[in-house]
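Trainee: I would like to learn how to read a two-chain model step by step. Could you take me through it, beginning with the overall form and ending with individual contacts?

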Amino acid sequence: MLIGAVLSGLIFGLYFTLVGLGLNLVFGVMRIVNLAHGDFLMLGAFAAFWAFHLFGLHPLVAAAAVLVVFVVIGLPLYYLVVPRLQQARDAEMLSIILFFGLAQMIEAATTIAFGTSERSIPGRVLGTGPVMLLGQRLPSAWVFGAAVSAVAVAGVYLYLYQTRLGRLTRAVMVSRDEALATGIDVHRVSAIAFGIGIGLAGIAGVFAPFMLGSVTPAIGPEINVAAFAVIVVGTLGNPLGTVLGGIVYGVSLMLMQTYLSSWANLLPNLLLIAVLLTRPEGLLGRKVRRA
Amino acid sequence: MKLRVGDAVLAAAVVALMAVLPSVYSNELLLFNFVMFLTLSQGLNILYGFTGYLPFGYVGFFGAGAYGFAIAVMNYGAGPLPAMLIAAAAAVILALVLMPLLRLSGAYFAIASLAAAQAVYQVISNPALEQVTKGPYGVSLTGVFAPRLSYYVAVGIMAGTFALVVWLRNSRFGLALQAIREDTVSAGMAGVSVVRFRTVAWLLSALVAGLVGGVFAWHISVFYPDTAFDVGISIFATVFTLFGGATTLTGPLLGVAILYGVYNAIGITVPQYFQLIYGTLIVGLVMFLPNGLVSLLTRRGIRVP
């Protein structure tokens, strides 16, 4: 039972890394809080749902399409909102309120369009029969979701550390002002990071029906709390710390569900408060705070 | 303290209006909801407007008050007025427990306070505590049901809260709080006791929410944890305050009158359209009018109560 809990914890940890990654990238680069992150994830889930039920598209195809579309939406959204926000005295605080408003708009529009019923995609789409791992039977949809998450995380790592644009992005994360002074086009770098952040939320959304069972237009806030727990545990502003946060979150969630199931939904909240109060800089601490 | 007359007159006028309305308008529940949100947004204004801390989890204190009242009545057979004291105490105790959250700032505080409110909700609604809180099945307090009396108690709490805001706006204490909000270090250097002042504002703000929660439990008398800890309550109070303009008395009043009015006109039948409208309003507000409606006047140099 313990092995099973830890193993499924690792799998969900990888998935929750993907859930938090985009939020953390946006915060790390722009120092704004995208409180509509959970709602972009929800939109990704609905896109996957309709792509499957209308056209029979495989979630992988849907994920690729969602990534492209979301990045394309993210770029103009950035220029529309963020530069104006960053002129404000307390941009971080105002960003919470602004993106909260955006989250409300997305949730309301989705509810108007599709109603409040729960949507799901049958798990057999991602392979039939359980996967045997260390003598544990795991649903193959979970393993698939975790694998895609791992690929996405690796992709972000390659982007940040192996491309020129990624190097510029890290420069902006370390110091926005100095980056500006060295002639980096901060807005261009930030806009791309914003697009990628939303795109990652979309990919996480495509696999949400499999990992979370079903989705409704109202899941945004819940996802936000989980994503925040993950990225705060794994150091806010450090995209790669998210992996550690995701795994701590996933494993402790599964351990709670196995041994103390009636209190399991308390976990994200308690973890978040506990880490914020004891180590607000995250588990990785200051030394590796910035990418 | 130099009291500006406008503040006191406005506060007294609204209190008088809400006290008289039940005798000419029969939908008492609607009036009660207005009183509730008028008070809650001013309570939130005490914290957000004067210290800059935005408590997304403000509803946690409201819920603690409601359940403090309910548990006192259900499990200890308390009368409504002693139960109101328990409601206030529950919220203040919760605020004391959550005081370490004040070490966080900005976004961290907002999110941590939301997480704290959710945690309290999950404890209270947990089926394992059914003996004490009735868990997710809700409470029924029909024994103390007194709609008229509880309405006037709510108006009394509203009057007290308005007085508190007027005092903050006209006292050295309120000025010190705003100095802390603007620049903590400078305020500290000028001799303002940053931690103590901030704590007082936090406790006062929680006290208001706890009292409103208690009187809500009394007036409604049958409710569920989902109702008492509905994050929508935090959201409404926040949006109303921001929409009108924080740190003023007028702002939150305007916000409630306009937005909650619109909500009752269209929001109850088609909530998602209302949600769409207020989402759009929030985005537009932050982009174009970050200091609320009253800033249309204040930036022309006109003083608003």
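**Reading the two chains**

Mentor: For chain B, with 305 residues, a compact globule would have a radius of gyration near 19 Å, and chain B has 19 Å, which agrees. Keep in mind throughout that this is a predicted model.

Trainee: What does the C-alpha trace of chain B span along its principal axes, and what percentage of its residues count as buried?

Mentor: The C-alpha trace of chain B spans about 55 × 45 × 40 Å along its principal axes, and 52% of the 305 residues count as buried. Chain B is built with 15 helices and two strands, and among its contacts between residues at least 6 apart in sequence, 76% join residues at least 24 apart.

Trainee: How many helices and strands are there in chain A, and in which pattern do they follow along the sequence?

Mentor: Chain A has eleven helices and two strands, and along the sequence they follow the pattern α-α-α-α-β-β-α-α-α-α-α-α-α. The radius of gyration of chain A is 18 Å, close to the 19 Å that the globule rule gives for 291 residues, so chain A is as compact as a globular protein of that length. Its C-alpha trace spans about 55 × 45 × 35 Å along the principal axes, 52% of the 291 residues count as buried, and residues 24 or more positions apart account for 79% of the contacts with a separation of 6 or more.

Trainee: Turning to helix packing, how are α2(A) and α4(A) oriented to each other, and why?

Mentor: Two packed helices are described by the angle between their axes and the distance between the axes. Here helix α2 (residues 37–55) of chain A packs with helix α4 (residues 91–114) of chain A at an angle of about 25°, their axes being 9 Å apart. Angles under 35 degrees count as roughly parallel, and α2(A) and α4(A) are therefore roughly parallel to each other. The crossing in which α2(A) passes α4(A) is left-handed. On α2(A) the contact is made by A:D39, A:M42, A:L43 and A:F46, and on α4(A) by A:A103, A:I106, A:E107, A:T110 and A:F114; by class, this contact has six nonpolar, one polar and two charged residues.

Trainee: Where the two chains meet, how many residues does the contact take from each chain, and which element of chain A gives the most?

Mentor: The contact takes 32 residues from chain A and 29 residues from chain B. On the side of chain A that touches chain B, the elements giving two or more residues are α4, α9 (220–233) and α11 (267–278), and α4(A) gives the most, with 16 residues. By class, that side of chain A has 23 nonpolar, six polar and three charged residues.

Trainee: At what angle do α11(A) and α5(B) pack?

Mentor: Helix α11(A) packs with helix α5 (residues 106–124) of chain B at an angle of about 140°, with the axes 9 Å apart, and the two are therefore oblique to each other. Their crossing is left-handed. The contact is made by residues including A:L270, A:I273 and A:L276 of α11(A) and B:Y108, B:A112 and B:A116 of α5(B); by class, it has nine nonpolar, two polar and no charged residues.

Terms used:
Residues are numbered from 1 along each chain as its sequence is written. Chains are lettered from A and ligands numbered from 1 in the order in which they are written. This is a predicted model: local features need pLDDT of at least 70, side-chain atom pairs count only at pLDDT 80 or more; totals for chains, interfaces and linings use all residues. Axes are lines fitted to C-alpha atoms, for helices over the stretch in contact, and angles run from 0 to 180 degrees between N-to-C directions. Helices (H or I, at least four residues) and strands (E, at least two) are DSSP runs, numbered from the N terminus. Angles under 35 degrees count as roughly parallel, over 145 as roughly antiparallel, 65 to 115 as roughly perpendicular and the rest as oblique. A crossing is left-handed if the near helix is turned anticlockwise from the far one by less than a right angle, and right-handed if clockwise. Two residues are in contact if their C-beta atoms, placed from the backbone, lie within 7 Å. Ala, Val, Leu, Ile, Met, Phe, Trp, Tyr, Cys and Pro count as nonpolar, Asp, Glu, Lys and Arg as charged, and the others, Gly among them, as polar. The radius of gyration is taken over C-alpha atoms; the globule rule is 2.2 Å times the number of residues to the power 0.38. A residue is buried if 20 or more other C-beta atoms lie within 10 Å of its own, exposed if 12 or fewer, and partly exposed in between; C-beta atoms are placed from the backbone.
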